[in-house]
Amino acid sequence: MNPPLLSLKNLTVTVSGTGREKVLVDRIALDVPAFSITALVGGSGSGKTTVGLSILRLLPLGLRVKEGEIVFNQEQLFHVPPERMRQLRGKEISMVFQEPLQALNPVFCVGYQIEEVLRCHTSLNRRQRQQRILELMDQVGLPDPSRISRSYPHQLSGGMRQRVMIAQAIAGGPRLIIADEPTSSLDVTLQARIMELFLKLKEELRLSILLITHDLGMVARMADSVAVMREGKIVEAGKTKDVLEGPQHPYTCQLREAMEG
Amino acid sequence: MNKQSGHLSEFQIAFRHFRRNRLAWTGVMILSLLYGGAVLADFLSPYSFKDENRNYSYAPPTSIHFFDNGRLAWPYVNGMKLSFDEYNKRVYQRDPAKHYPLQFLVKGEEYRFLGLFPCRRHFFGVEAPGRWYLLGADARGRDMFSRLLYGGRVSLTIGLMGAVIAFSLGLIIGGISGYYGGRLDNFLMRLCEMFMMVPGFYLLLALRAAVPDNFNSVQVYFSIVIILSFIGWAGLARIVRGMCLSLREREYVLAAKSLGLSDIRIILRHILPHTLSYSIFAVMLSIPGYILGESALSLIGLGIQDPYASWGNMLSDAMSIVRIKFAPWILSPAFLIFLTVVCFNVIGDALRDCLDPMLKAEGHRDG
Amino acid sequence: MLKYILKRFLVAVPMLLGIALLTFVLIRMTPGNYLDTVRLDPQFSQETIAYYEKLYQFDKPLLVQYIQWIKNLLRLELGYSFHYNVPVYRIIGSRLWNTFLLSLAGFLLTWVVAIPLGIWAALHRNQFIDRCIQFFSYVCFSLPSFFLAMLFLFWASQSGALPLGGMYSPGFESLKPWGQLTDILRHLVIPAMALSIGSIAWLQRIMRGNMLEVLGQQYILTARAKGLPENRVIYLHALRNAINPLITLLGYEFSSLLSGAALIEIICSWPGLGSLMLTAVRSKDIYLVMASMLMGGVMFIVGNLLADIGLAKADPRIRYE
């Protein structure tokens, strides 16, 4: 058995405000194998987004990783210097966020924002970068790439914006994509298409995806394994089929009922 | 409002928040002192603002002595002897022969207390022919401290009145404009923009030029108040108009209309009160501008004229650099202006901080 | 883009007419026929007076007078200055330029200092240096600008480092061009500083607020998640967004500087439009007053127009509306 691509052990994240320290993520353990999709499910406030951010060390002010191990590709990330972390972001591990209109910079055209990843992580020259951008946009299913790359985020539709985010995420050739509620802000038909896109990219690029979501339906259709989070703890984990068909924890049962209802 | 039900009205919540801000309270206290001093100027000042004594031109602050021949004594001042040094500069020396004790409720020049009944007692001072200059004297030997108090009357009230008039004008015009919309709105807003277009100081000067020469000082005072408010109403009117445009769509306005209430009543009692939270804070922050406007006008000689005191025209003396060097106390009005402005700014900021949640609540009610 | 500029330009024209109207109304507010007061003055020839009487057509109804006034303005006929005894346009030109120079200097100083200061304060939020900057800003913002000017002049008189006002030193003509430039710059320092310190304090605070708000936005998180170097995140992604709202303030800034410059000019004896206007008001030189106010309004509108164009260039959301 190959070692997992990403392995979280005993991960604890706290927030310090008004004196006391509050625990947001409580000693969780999670494995993301290579070339698979692992889902992290929970309601709002369960701490799942915090887990995603802590892997890339992008926690907001006041939050910190109190203890635990984050091992990516056999590298311990916890003590790694900031420069190394920066090299990993976008290149080895990248992130896709929920609301692309907020997540894309409004004053730069989208082509520029994709190109940035190439500029900082690859040594391609300008012409090669332009070429690569067109390839990427094609890969994520964006029509008329040359026109779109010169557009600004507010000029594109929601679905196109999310595809741009995904193009940005795969530009550096990452091994792992952390997708934080990637379709929650889209309407239902678009959701299906984006999910297909993720699956396609996983095959074509041999990716792993850590899918953070509250939507069990999505988990059922996409994820190979799933972990259920509640109030900072993982209450159940295992292969998707097993967990969804025979949930052990009452909370998982609740989620499943909500999904069917 | 609803004390019985246990809910606090928004104003009460905001007021509580304000109470906790110590800096704002310090500001309020200092302002009360300044305004109180202005109201009680006749009583608190040892001399009238007109009281000249050319022998003591630019006299330094009179030193108060607590010891007499080594023994603790009731505070007193000595007389002053004027002499000229080799550069023909005035030098004031203490004349120990003359001994004037400091007195409370001393008899001085007559005035009308609170404008009502005649009185001769001043809070403190020295008996004539002694002269006591707490903060020094100006060019004509007038007591700076007294003039500062009288000056406060002018400077502090012109600012306040100008702001109140501009506030009322802005509120009414903005309310009418926002409520009726259409061509009236268009016209009024173009008018607003015209007024906002000319840089303030130029407008100030031009309006001042239009005031006839033969106005007496009271008329000049009111002309300046009106001129100042002319400049400030436009900004508030625009914002109030914006608020009214959205407020007039609310249900209670439609309800009022269906009851047949007159437009004016609707505007005054149903719409404008909701703009108050923003307007009051805007007014508070604009008052310093009016005070500075009057000071600037008086500084260049176009405001309140001599012998009446205003902090601005007292500073016109200080425009000569030589004089500042030898009589730095003539800059004291500037410190008082600064203090007043800081206090208003601090209070305005505190108001904004606690009105913010109120404004947000207003926004959320739109649903 | 061009369409946008044209649109803003078209809006400016009625505004200019509006200012002309305002000044015209003010002229008519002064009681009596102005020319009557100078008719008796032996300084002025009858021909001059007759010329201006015909020009302004005092005997015709108000509307005709107003149209005549506009026509005169379009011909750049700005009236006659009875105080200086020359037509107005002769004096206004150079004064206008001087005021513009001072306002520009104040403007540049404000932005060059306030923006980096605001960014720095935001990046060191709530640390000691930030608190110091905020405190000083508060003080400077509340100080009357004329007071600052007086203090600076006082300091200059004590230290002799800078000239005490005016725009040229005696013997200016005999200096070489480079010397002339430095002379003017040295005279510019105190008025420009007095003018800009209040603005710097205010602008810095806004910049700091904007920067802090932008740094909390989602796209900054994305930029970091992409692995961009921190410098790029702050000085490219964050800064570009933080500065945008400030560009709308450009027009307002310029106007407030113009207005503030007038008072500073008077105190520092800088020969600009403001001090000209003061002389005109003091000597009741009506046409000069009107022309100065008109020029002030024009500069304001031009400033606003430039600011609008700048905003359109900087924020694509406005451009493609």
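## The sheet in chain B

Chain B holds an open sheet of three strands, in the order 1-2-3, with antiparallel pairing. Strands here are DSSP runs of E, at least two residues long, numbered from the N terminus. Two strands pair if DSSP finds at least two bridges between them. The edges are strand 1 (65-68) and strand 3 (90-101) of chain B, and each pairs on one side only. On average, neighbouring strands of this sheet are turned by 55° against each other, direction ignored. Such angles run from 0 to 180 degrees between N-to-C directions, with axes as lines fitted to C-alpha atoms.

Strand 2 (residues 71-84) of chain B pairs with strand 3 of chain B over nine bridges, in the antiparallel sense. Val77(B) has Tyr100(B), in strand 3 of chain B, as its bridge partner.

## About the model

This is a predicted model, where local features need pLDDT of at least 70, side-chain atom pairs count only at pLDDT 80 or more, and totals for chains, interfaces and linings use all residues. Residues are numbered from 1 along each chain as its sequence is written, while chains are lettered from A and ligands numbered from 1 in the order in which they are written.

## The sheet in chain A

Chain A has an open sheet of six strands, with mixed pairing and the order 6-7-8-3-9-10. Its edge strands are strand 6 (93-96) and strand 10 (233-239) of chain A; each pairs on one side only. From one strand to the next, the twist averages 15°.

Strand 9 (residues 225-230) of chain A runs antiparallel to strand 10 of chain A, and six bridges join them. Ser225(A) has Lys239(A), in strand 10 of chain A, as its bridge partner.

Key
Helix = DSSP H or I, 4+ residues; strand = E, 2+ residues; numbered from the N terminus.
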